[in-house]
Amino acid sequence: MNTTTTTTTTTTTTTTTTRAADGLWFGKDLSESEPIPEVAIEQAVALMRSGRLHRYGEQGAGTPEPSLLEQEYAAYVGAKYCVAVNSCGAAMFLALKALGVQPGDKVLTSSFTLAPVPGAIAHAGASAVLVETQDDYTTDLADLERKAASSGARVFLLSHMRGHITDLRAVQGICERHNIALVEDCAHTMSARWDGQHTGTFGRIGCYSSQTYKHINSGEGGLLVTDDDDIAAQVILMSGCYMMYDQHVLRPPAEVFERWRYITPNFSMRMSNLAAALLRPQIALLPERRLRWRRIYDDLAQAFASVPQVSLPVRDAREDFVPSSIQFSLDLSPAQIERFLTECAARGLYLKWFGLRVPTAFTSHFGHWQYLPEQAPLPQSQRVLSQLLDLRTPLSLTPDDCRLIGQIVHVAATTAATHPPGG
(Lines give C-alpha, C1' and ligand atoms only; values in the text may rest on other atoms or scores of the structure.)
Protein backbone atom coordinates (compact mmCIF):
# COMPACT_ATOMS: atom_id res chain seq x y z
CA MET A 1 0.00 0.00 0.00
CA ASN A 2 1.12 3.59 -0.59
CA THR A 3 0.58 6.59 1.67
CA THR A 4 -2.28 8.24 -0.23
CA THR A 5 -5.32 8.49 2.02
CA THR A 6 -8.96 8.97 1.17
CA THR A 7 -11.62 10.22 3.55
CA THR A 8 -15.06 8.75 2.91
CA THR A 9 -17.96 10.60 4.51
CA THR A 10 -21.54 9.39 4.85
CA THR A 11 -24.43 10.73 6.89
CA THR A 12 -23.37 8.68 9.90
CA THR A 13 -19.68 7.81 9.72
CA THR A 14 -16.35 9.12 8.52
CA THR A 15 -13.54 6.68 7.69
CA THR A 16 -10.01 7.35 6.51
CA THR A 17 -8.64 4.67 4.21
CA THR A 18 -5.11 4.14 2.89
CA ARG A 19 -5.40 3.45 -0.84
CA ALA A 20 -3.83 0.36 -2.38
CA ALA A 21 -0.87 0.88 -4.72
CA ASP A 22 -2.36 -1.15 -7.59
CA GLY A 23 -4.71 1.67 -8.62
CA LEU A 24 -7.93 -0.34 -8.24
CA TRP A 25 -10.56 1.97 -6.78
CA PHE A 26 -14.33 1.57 -6.58
CA GLY A 27 -15.44 4.36 -4.26
CA LYS A 28 -19.17 4.39 -5.06
CA ASP A 29 -21.69 4.74 -2.23
CA LEU A 30 -23.37 1.34 -2.00
CA SER A 31 -26.05 2.77 0.30
CA GLU A 32 -27.49 5.12 -2.32
CA SER A 33 -31.16 4.71 -3.22
CA GLU A 34 -33.28 5.38 -6.26
CA PRO A 35 -34.88 8.86 -6.40
CA ILE A 36 -38.48 9.11 -5.29
CA PRO A 37 -40.74 9.39 -8.37
CA GLU A 38 -41.76 12.95 -9.22
CA VAL A 39 -45.47 12.14 -9.01
CA ALA A 40 -44.92 10.94 -5.43
CA ILE A 41 -42.98 14.08 -4.56
CA GLU A 42 -45.78 16.25 -5.94
CA GLN A 43 -48.39 14.39 -3.88
CA ALA A 44 -46.20 14.63 -0.77
CA VAL A 45 -45.78 18.37 -1.25
CA ALA A 46 -49.55 18.76 -1.68
CA LEU A 47 -50.10 16.87 1.56
CA MET A 48 -47.58 19.03 3.39
CA ARG A 49 -49.30 22.15 2.11
CA SER A 50 -52.62 20.82 3.39
CA GLY A 51 -51.17 19.74 6.72
CA ARG A 52 -53.11 16.45 6.51
CA LEU A 53 -50.30 14.05 7.36
CA HIS A 54 -52.24 11.79 9.75
CA ARG A 55 -53.99 8.96 7.95
CA TYR A 56 -57.29 9.36 9.83
CA GLY A 57 -59.46 12.47 9.60
CA GLU A 58 -62.41 13.12 11.87
CA GLN A 59 -64.37 15.02 9.23
CA GLY A 60 -62.98 13.29 6.20
CA ALA A 61 -60.78 14.52 3.36
CA GLY A 62 -61.15 11.88 0.69
CA THR A 63 -59.68 8.39 0.90
CA PRO A 64 -56.46 8.40 2.96
CA GLU A 65 -53.27 7.60 1.07
CA PRO A 66 -52.52 4.54 3.25
CA SER A 67 -55.95 3.09 2.47
CA LEU A 68 -55.26 3.42 -1.25
CA LEU A 69 -51.80 1.92 -0.78
CA GLU A 70 -53.29 -1.01 1.14
CA GLN A 71 -55.79 -1.65 -1.64
CA GLU A 72 -53.12 -1.48 -4.34
CA TYR A 73 -50.55 -3.63 -2.55
CA ALA A 74 -53.08 -6.32 -1.60
CA ALA A 75 -54.07 -6.54 -5.27
CA TYR A 76 -50.40 -6.73 -6.28
CA VAL A 77 -49.59 -9.78 -4.12
CA GLY A 78 -53.05 -11.37 -4.24
CA ALA A 79 -54.03 -10.93 -0.58
CA LYS A 80 -57.48 -10.16 0.83
CA TYR A 81 -56.24 -7.50 3.27
CA CYS A 82 -53.26 -5.22 3.69
CA VAL A 83 -52.58 -2.91 6.65
CA ALA A 84 -49.95 -0.14 6.38
CA VAL A 85 -47.85 0.44 9.51
CA ASN A 86 -44.72 2.35 10.47
CA SER A 87 -42.13 -0.43 10.03
CA CYS A 88 -41.74 -4.11 9.21
CA GLY A 89 -40.73 -4.62 12.84
CA ALA A 90 -44.10 -3.20 13.87
CA ALA A 91 -45.84 -5.47 11.35
CA MET A 92 -44.13 -8.54 12.84
CA PHE A 93 -44.99 -7.48 16.40
CA LEU A 94 -48.65 -6.91 15.44
CA ALA A 95 -48.70 -10.26 13.63
CA LEU A 96 -47.59 -12.06 16.77
CA LYS A 97 -50.12 -10.21 18.92
CA ALA A 98 -52.95 -10.90 16.47
CA LEU A 99 -52.08 -14.62 16.56
CA GLY A 100 -52.48 -14.59 20.34
CA VAL A 101 -48.80 -14.82 21.31
CA GLN A 102 -48.54 -14.19 25.06
CA PRO A 103 -45.60 -13.32 27.32
CA GLY A 104 -43.52 -16.44 27.90
CA ASP A 105 -44.70 -18.20 24.74
CA LYS A 106 -42.08 -19.67 22.45
CA VAL A 107 -41.80 -18.54 18.84
CA LEU A 108 -39.68 -20.37 16.28
CA THR A 109 -37.58 -18.11 14.08
CA SER A 110 -34.61 -18.10 11.71
CA SER A 111 -31.06 -18.01 13.06
CA PHE A 112 -29.92 -16.02 10.01
CA THR A 113 -31.86 -12.77 10.29
CA LEU A 114 -31.55 -9.18 11.44
CA ALA A 115 -32.18 -7.77 14.89
CA PRO A 116 -35.78 -6.53 14.31
CA VAL A 117 -36.98 -10.14 13.98
CA PRO A 118 -35.97 -11.37 17.45
CA GLY A 119 -36.77 -7.82 18.56
CA ALA A 120 -40.40 -8.23 17.52
CA ILE A 121 -40.58 -11.50 19.47
CA ALA A 122 -39.08 -9.85 22.55
CA HIS A 123 -41.47 -6.90 22.12
CA ALA A 124 -44.36 -9.36 22.35
CA GLY A 125 -42.85 -10.77 25.56
CA ALA A 126 -42.21 -14.13 23.91
CA SER A 127 -39.07 -16.30 23.74
CA ALA A 128 -37.33 -16.93 20.44
CA VAL A 129 -36.30 -20.48 19.52
CA LEU A 130 -33.73 -20.31 16.74
CA VAL A 131 -33.70 -22.74 13.82
CA GLU A 132 -30.47 -23.73 12.08
CA THR A 133 -29.34 -22.19 8.77
CA GLN A 134 -28.12 -24.21 5.79
CA ASP A 135 -25.14 -23.54 3.51
CA ASP A 136 -27.45 -21.80 1.00
CA TYR A 137 -28.53 -19.36 3.78
CA THR A 138 -32.06 -20.78 4.05
CA THR A 139 -33.75 -22.49 6.98
CA ASP A 140 -32.72 -26.08 7.78
CA LEU A 141 -35.99 -27.97 7.32
CA ALA A 142 -34.89 -30.98 9.36
CA ASP A 143 -34.08 -28.75 12.35
CA LEU A 144 -37.39 -26.91 11.85
CA GLU A 145 -39.26 -30.23 11.92
CA ARG A 146 -37.48 -31.27 15.15
CA LYS A 147 -38.12 -27.99 16.93
CA ALA A 148 -41.68 -27.72 15.66
CA ALA A 149 -42.32 -31.09 17.30
CA SER A 150 -40.46 -30.44 20.55
CA SER A 151 -40.46 -26.72 21.39
CA GLY A 152 -44.14 -26.14 22.12
CA ALA A 153 -44.11 -23.08 19.82
CA ARG A 154 -47.35 -22.23 18.05
CA VAL A 155 -45.85 -19.67 15.63
CA PHE A 156 -42.93 -19.76 13.19
CA LEU A 157 -41.63 -16.31 12.19
CA LEU A 158 -39.67 -17.19 9.05
CA SER A 159 -37.16 -14.63 7.80
CA HIS A 160 -36.37 -14.62 4.09
CA MET A 161 -33.09 -13.04 5.08
CA ARG A 162 -31.31 -11.07 2.36
CA GLY A 163 -33.79 -12.47 -0.16
CA HIS A 164 -32.97 -16.17 0.28
CA ILE A 165 -36.26 -18.06 0.18
CA THR A 166 -36.70 -21.36 2.01
CA ASP A 167 -38.81 -24.04 0.29
CA LEU A 168 -42.18 -22.58 1.26
CA ARG A 169 -44.23 -25.63 0.26
CA ALA A 170 -42.12 -27.73 2.62
CA VAL A 171 -42.41 -25.11 5.38
CA GLN A 172 -46.19 -25.08 4.94
CA GLY A 173 -46.29 -28.84 5.36
CA ILE A 174 -44.22 -28.79 8.56
CA CYS A 175 -46.34 -26.01 10.06
CA GLU A 176 -49.57 -27.79 9.18
CA ARG A 177 -48.38 -31.08 10.69
CA HIS A 178 -47.55 -29.37 13.99
CA ASN A 179 -50.41 -26.84 14.08
CA ILE A 180 -48.03 -23.89 13.85
CA ALA A 181 -49.00 -20.54 12.34
CA LEU A 182 -46.55 -19.31 9.71
CA VAL A 183 -45.60 -15.62 9.60
CA GLU A 184 -43.28 -14.53 6.79
CA ASP A 185 -40.76 -11.74 7.23
CA CYS A 186 -40.52 -10.47 3.65
CA ALA A 187 -38.47 -7.34 4.34
CA HIS A 188 -35.99 -8.55 1.68
CA THR A 189 -38.38 -10.31 -0.72
CA MET A 190 -40.95 -7.76 -1.82
CA SER A 191 -42.14 -8.83 -5.32
CA ALA A 192 -40.24 -12.13 -5.06
CA ARG A 193 -42.06 -15.40 -5.64
CA TRP A 194 -41.68 -19.04 -4.76
CA ASP A 195 -43.08 -21.48 -7.31
CA GLY A 196 -45.00 -18.60 -8.92
CA GLN A 197 -46.61 -17.31 -5.72
CA HIS A 198 -45.66 -14.10 -3.89
CA THR A 199 -43.73 -14.48 -0.67
CA GLY A 200 -45.85 -13.32 2.23
CA THR A 201 -48.92 -15.21 1.05
CA PHE A 202 -47.93 -18.75 2.09
CA GLY A 203 -48.72 -18.39 5.79
CA ARG A 204 -51.27 -16.66 7.98
CA ILE A 205 -49.49 -13.31 7.69
CA GLY A 206 -46.83 -11.66 5.53
CA CYS A 207 -44.78 -8.64 6.63
CA TYR A 208 -42.90 -6.26 4.32
CA SER A 209 -40.62 -3.25 4.69
CA SER A 210 -40.44 0.11 2.92
CA GLN A 211 -37.34 1.28 4.79
CA THR A 212 -34.90 3.19 2.58
CA TYR A 213 -32.69 0.19 1.79
CA LYS A 214 -35.53 -2.06 0.67
CA HIS A 215 -37.34 -2.49 -2.66
CA ILE A 216 -39.58 0.55 -2.22
CA ASN A 217 -38.67 3.53 -0.09
CA SER A 218 -40.54 5.76 2.34
CA GLY A 219 -37.64 6.09 4.80
CA GLU A 220 -39.54 3.92 7.27
CA GLY A 221 -42.68 1.88 6.76
CA GLY A 222 -44.22 -1.57 6.77
CA LEU A 223 -47.05 -3.53 5.21
CA LEU A 224 -48.88 -6.55 6.62
CA VAL A 225 -51.01 -8.85 4.46
CA THR A 226 -53.45 -11.55 5.48
CA ASP A 227 -56.59 -13.32 4.26
CA ASP A 228 -57.96 -13.69 7.81
CA ASP A 229 -60.82 -11.36 8.85
CA ASP A 230 -60.03 -11.50 12.57
CA ILE A 231 -56.33 -10.90 12.10
CA ALA A 232 -57.00 -7.92 9.81
CA ALA A 233 -59.46 -6.36 12.26
CA GLN A 234 -57.09 -6.77 15.19
CA VAL A 235 -54.15 -5.31 13.29
CA ILE A 236 -56.18 -2.29 12.14
CA LEU A 237 -57.23 -1.67 15.75
CA MET A 238 -53.79 -2.32 17.23
CA SER A 239 -52.02 -0.16 14.66
CA GLY A 240 -54.00 2.80 15.96
CA CYS A 241 -57.17 3.54 13.97
CA TYR A 242 -58.97 5.25 16.89
CA MET A 243 -62.07 3.27 15.88
CA MET A 244 -62.11 4.96 12.46
CA TYR A 245 -61.69 1.62 10.74
CA ASP A 246 -64.36 2.59 8.23
CA GLN A 247 -61.67 4.73 6.55
CA HIS A 248 -59.95 1.52 5.42
CA VAL A 249 -61.02 0.58 1.89
CA LEU A 250 -60.05 -3.03 2.66
CA ARG A 251 -61.64 -3.98 5.97
CA PRO A 252 -63.52 -6.91 7.48
CA PRO A 253 -67.28 -6.66 8.13
CA ALA A 254 -68.48 -4.54 11.06
CA GLU A 255 -69.39 -7.60 13.13
CA VAL A 256 -65.74 -8.70 13.11
CA PHE A 257 -64.65 -5.38 14.59
CA GLU A 258 -67.37 -5.75 17.23
CA ARG A 259 -65.63 -8.91 18.43
CA TRP A 260 -62.37 -7.03 18.99
CA ARG A 261 -62.94 -3.30 19.48
CA TYR A 262 -63.33 -3.36 23.28
CA ILE A 263 -60.48 -5.76 24.05
CA THR A 264 -57.77 -4.68 21.61
CA PRO A 265 -55.12 -2.12 22.64
CA ASN A 266 -53.95 0.74 20.42
CA PHE A 267 -50.16 0.51 19.90
CA SER A 268 -49.92 3.59 17.60
CA MET A 269 -48.03 1.91 14.76
CA ARG A 270 -50.00 3.22 11.76
CA MET A 271 -48.46 4.62 8.58
CA SER A 272 -48.76 8.33 7.81
CA ASN A 273 -50.35 9.86 4.72
CA LEU A 274 -46.95 11.19 3.72
CA ALA A 275 -45.18 7.80 3.75
CA ALA A 276 -48.00 6.17 1.78
CA ALA A 277 -47.95 8.93 -0.83
CA LEU A 278 -44.25 8.26 -1.42
CA LEU A 279 -44.85 4.52 -1.81
CA ARG A 280 -47.89 4.25 -4.06
CA PRO A 281 -46.18 5.07 -7.39
CA GLN A 282 -43.27 2.78 -6.51
CA ILE A 283 -45.39 -0.37 -6.58
CA ALA A 284 -45.63 -0.08 -10.37
CA LEU A 285 -41.81 0.09 -10.52
CA LEU A 286 -41.26 -3.25 -8.78
CA PRO A 287 -41.21 -5.47 -11.92
CA GLU A 288 -38.64 -3.25 -13.64
CA ARG A 289 -36.52 -2.99 -10.49
CA ARG A 290 -36.62 -6.77 -10.15
CA LEU A 291 -35.11 -7.18 -13.62
CA ARG A 292 -32.38 -4.62 -12.91
CA TRP A 293 -31.44 -6.23 -9.60
CA ARG A 294 -31.31 -9.67 -11.20
CA ARG A 295 -28.99 -8.31 -13.92
CA ILE A 296 -26.66 -6.85 -11.28
CA TYR A 297 -26.71 -10.12 -9.31
CA ASP A 298 -25.86 -12.14 -12.44
CA ASP A 299 -23.06 -9.73 -13.38
CA LEU A 300 -21.54 -9.99 -9.91
CA ALA A 301 -21.93 -13.76 -9.82
CA GLN A 302 -20.01 -13.94 -13.10
CA ALA A 303 -17.35 -11.58 -11.75
CA PHE A 304 -16.90 -13.71 -8.61
CA ALA A 305 -16.72 -16.99 -10.54
CA SER A 306 -12.95 -16.70 -10.98
CA VAL A 307 -12.27 -16.18 -7.24
CA PRO A 308 -11.40 -19.61 -5.79
CA GLN A 309 -12.14 -18.61 -2.20
CA VAL A 310 -15.67 -17.36 -3.04
CA SER A 311 -18.79 -19.50 -3.29
CA LEU A 312 -22.35 -18.35 -3.95
CA PRO A 313 -25.42 -20.32 -2.91
CA VAL A 314 -27.09 -22.59 -5.41
CA ARG A 315 -30.55 -21.12 -5.98
CA ASP A 316 -33.60 -23.32 -6.43
CA ALA A 317 -35.33 -23.05 -9.81
CA ARG A 318 -38.60 -22.29 -7.99
CA GLU A 319 -37.06 -19.21 -6.35
CA ASP A 320 -37.87 -16.04 -8.31
CA PHE A 321 -35.74 -13.81 -6.12
CA VAL A 322 -35.24 -10.03 -6.09
CA PRO A 323 -31.70 -9.44 -4.80
CA SER A 324 -31.10 -5.91 -3.48
CA SER A 325 -27.81 -7.32 -2.15
CA ILE A 326 -25.52 -10.27 -2.78
CA GLN A 327 -24.03 -12.70 -0.24
CA PHE A 328 -21.17 -15.11 -0.63
CA SER A 329 -19.14 -17.46 1.54
CA LEU A 330 -15.41 -16.80 1.80
CA ASP A 331 -13.26 -19.86 2.48
CA LEU A 332 -10.80 -18.10 4.78
CA SER A 333 -10.10 -17.96 8.52
CA PRO A 334 -11.52 -15.07 10.61
CA ALA A 335 -8.13 -13.34 10.64
CA GLN A 336 -7.84 -13.73 6.89
CA ILE A 337 -11.36 -12.35 6.39
CA GLU A 338 -10.39 -9.31 8.44
CA ARG A 339 -7.41 -8.85 6.10
CA PHE A 340 -9.73 -9.32 3.10
CA LEU A 341 -12.04 -6.54 4.36
CA THR A 342 -9.06 -4.24 4.88
CA GLU A 343 -7.82 -4.92 1.35
CA CYS A 344 -11.29 -4.22 -0.09
CA ALA A 345 -11.60 -0.99 1.91
CA ALA A 346 -8.20 0.13 0.61
CA ARG A 347 -9.77 -0.04 -2.84
CA GLY A 348 -12.96 1.82 -1.93
CA LEU A 349 -15.16 -1.27 -1.58
CA TYR A 350 -16.97 -1.73 1.72
CA LEU A 351 -18.49 -5.12 2.53
CA LYS A 352 -20.21 -6.44 5.63
CA TRP A 353 -19.27 -9.63 7.45
CA PHE A 354 -21.70 -11.62 9.57
CA GLY A 355 -18.80 -13.13 11.53
CA LEU A 356 -17.92 -9.86 13.24
CA ARG A 357 -17.13 -10.12 16.95
CA VAL A 358 -19.25 -7.06 17.75
CA PRO A 359 -22.52 -5.89 16.16
CA THR A 360 -21.85 -3.19 13.58
CA ALA A 361 -24.37 -1.05 11.68
CA PHE A 362 -26.86 -3.34 9.90
CA THR A 363 -24.79 -6.47 10.57
CA SER A 364 -25.33 -8.54 13.68
CA HIS A 365 -26.03 -12.18 14.47
CA PHE A 366 -27.66 -14.29 17.14
CA GLY A 367 -24.48 -14.42 19.21
CA HIS A 368 -24.80 -10.68 19.78
CA TRP A 369 -28.40 -10.78 21.04
CA GLN A 370 -27.79 -11.51 24.70
CA TYR A 371 -31.43 -10.80 25.59
CA LEU A 372 -32.40 -14.08 23.91
CA PRO A 373 -33.15 -17.06 26.14
CA GLU A 374 -30.52 -19.77 26.23
CA GLN A 375 -30.46 -21.66 22.93
CA ALA A 376 -29.52 -25.17 21.93
CA PRO A 377 -26.13 -25.19 20.16
CA LEU A 378 -26.28 -23.92 16.57
CA PRO A 379 -22.97 -25.17 15.13
CA GLN A 380 -24.15 -25.16 11.53
CA SER A 381 -25.40 -21.56 11.71
CA GLN A 382 -22.20 -20.43 13.42
CA ARG A 383 -20.10 -22.04 10.71
CA VAL A 384 -22.15 -20.50 7.89
CA LEU A 385 -22.22 -16.99 9.39
CA SER A 386 -18.51 -17.05 10.25
CA GLN A 387 -17.67 -16.94 6.52
CA LEU A 388 -20.68 -15.00 5.20
CA LEU A 389 -19.98 -11.71 3.38
CA ASP A 390 -22.64 -9.21 2.35
CA LEU A 391 -22.61 -6.54 -0.37
CA ARG A 392 -25.43 -4.08 -0.97
CA THR A 393 -26.26 -3.67 -4.68
CA PRO A 394 -27.79 -0.29 -5.53
CA LEU A 395 -29.62 -0.16 -8.84
CA SER A 396 -27.06 2.31 -10.15
CA LEU A 397 -24.38 -0.42 -10.48
CA THR A 398 -23.26 -0.90 -14.08
CA PRO A 399 -21.69 -3.98 -15.69
CA ASP A 400 -18.32 -2.19 -15.50
CA ASP A 401 -18.89 -1.57 -11.77
CA CYS A 402 -19.58 -5.26 -11.27
CA ARG A 403 -16.43 -6.28 -13.12
CA LEU A 404 -14.39 -3.84 -11.01
CA ILE A 405 -15.92 -5.23 -7.81
CA GLY A 406 -14.97 -8.72 -9.01
CA GLN A 407 -11.38 -7.61 -9.62
CA ILE A 408 -11.12 -6.07 -6.17
CA VAL A 409 -12.60 -9.14 -4.47
CA HIS A 410 -10.16 -11.37 -6.40
CA VAL A 411 -7.11 -9.32 -5.42
CA ALA A 412 -8.26 -8.95 -1.80
CA ALA A 413 -9.03 -12.66 -1.43
CA THR A 414 -5.71 -13.67 -2.99
CA THR A 415 -3.81 -11.33 -0.68
CA ALA A 416 -5.76 -12.48 2.38
CA ALA A 417 -5.19 -16.15 1.54
CA THR A 418 -1.44 -15.62 1.97
CA HIS A 419 -2.01 -14.05 5.40
CA PRO A 420 -1.27 -16.53 8.25
CA PRO A 421 -4.63 -18.07 9.28
CA GLY A 422 -4.04 -17.36 12.97
CA GLY A 423 -2.36 -13.99 12.45
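Which residue's side chain does a polar contact of 3.2 Å join to the side chain of S364? I began my notebook with this question, and I found that the partner is W369.

**Ground rules**

I noted that this is a predicted model, in which local features need pLDDT of at least 70 and side-chain atom pairs count only at pLDDT 80 or more, while totals for chains, interfaces and linings use all residues. I also wrote down that residues are numbered from 1 along each chain as its sequence is written, and that side-chain values use heavy atoms, with hydrogens and water left out.

**Entry 1: S364**

I located S364 in the loop between β15 (352-353) and α12 (379-386); helices (H or I, at least four residues) and strands (E, at least two) are DSSP runs, numbered from the N terminus. S364 counts as buried because its relative accessibility is 9%, where buried means under 20% relative accessible area, exposed over 50%, and partly exposed in between (1.4 Å probe, protein chains only). When I left aside neighbours within four places in sequence, I found S364 in contact (heavy atoms within 4.5 Å) with T113, A115, F354, P359 and W369.

**Entry 2: helix α5**

I next looked up T138, which sits in the loop between β5 and α5 and is buried, with a relative accessible area of 7%. Its side chain is joined to that of D136 by a polar contact of 2.6 Å, and, leaving aside neighbours within four places in sequence, T138 is in contact with E132, T133, H164, I165 and T166.

At the start of α5 I saw that a side-chain oxygen of D140 reaches to within 3.0 Å of the backbone nitrogen of A142. Which residues of α5 (residues 141-150) are buried? I listed D143, L144, K147 and A148. They lie on the same side of α5 because they cover an arc of only 130° around the axis, the arc being that of the directions from the helix axis to the C-beta atoms. These buried residues pack against β4 (106-110), β5 (127-131), β6 (155-159) and α6 (168-177), whereas the face turned away from the buried side carries the exposed residues R146, A149 and S150. After α5 comes G152, with a positive phi near 85°.

**Entry 3: two helix pairs**

Two packed helices are described by the angle between their axes and the distance between the axes. I noted that axes are lines fitted to C-alpha atoms, for helices over the stretch in contact, and that angles run from 0 to 180 degrees between N-to-C directions.

For α2 (residues 65-77) and α9 (residues 273-283) I read an angle of about 30°, with the axes 8 Å apart. That makes α2 roughly parallel to α9, since angles under 35 degrees count as roughly parallel, over 145 as roughly antiparallel, 65 to 115 as roughly perpendicular and the rest as oblique. Their crossing is left-handed, a word used if the near helix is turned anticlockwise from the far one by less than a right angle, and right-handed if clockwise. Among the residues that meet are L68, L69 and Y73 in α2, and A276, L279 and I283 in α9.

For α3 (residues 88-98) and α4 (residues 116-123), the axes come within 9 Å and cross at roughly 40°, and the two helices are therefore oblique to each other. I recorded this crossing as right-handed, with G89, M92, F93 and L96 in α3 meeting P116, V117, A120, I121 and H123 in α4.

Most residues other than glycine have a negative phi. I noted that Y242 has a positive phi near 55° and counts as partly exposed at 48% relative accessibility.

Methods:
Polar contact = N/O pair within 3.5 Å; in protein donor to acceptor, adjacent residues only side chain to side chain.
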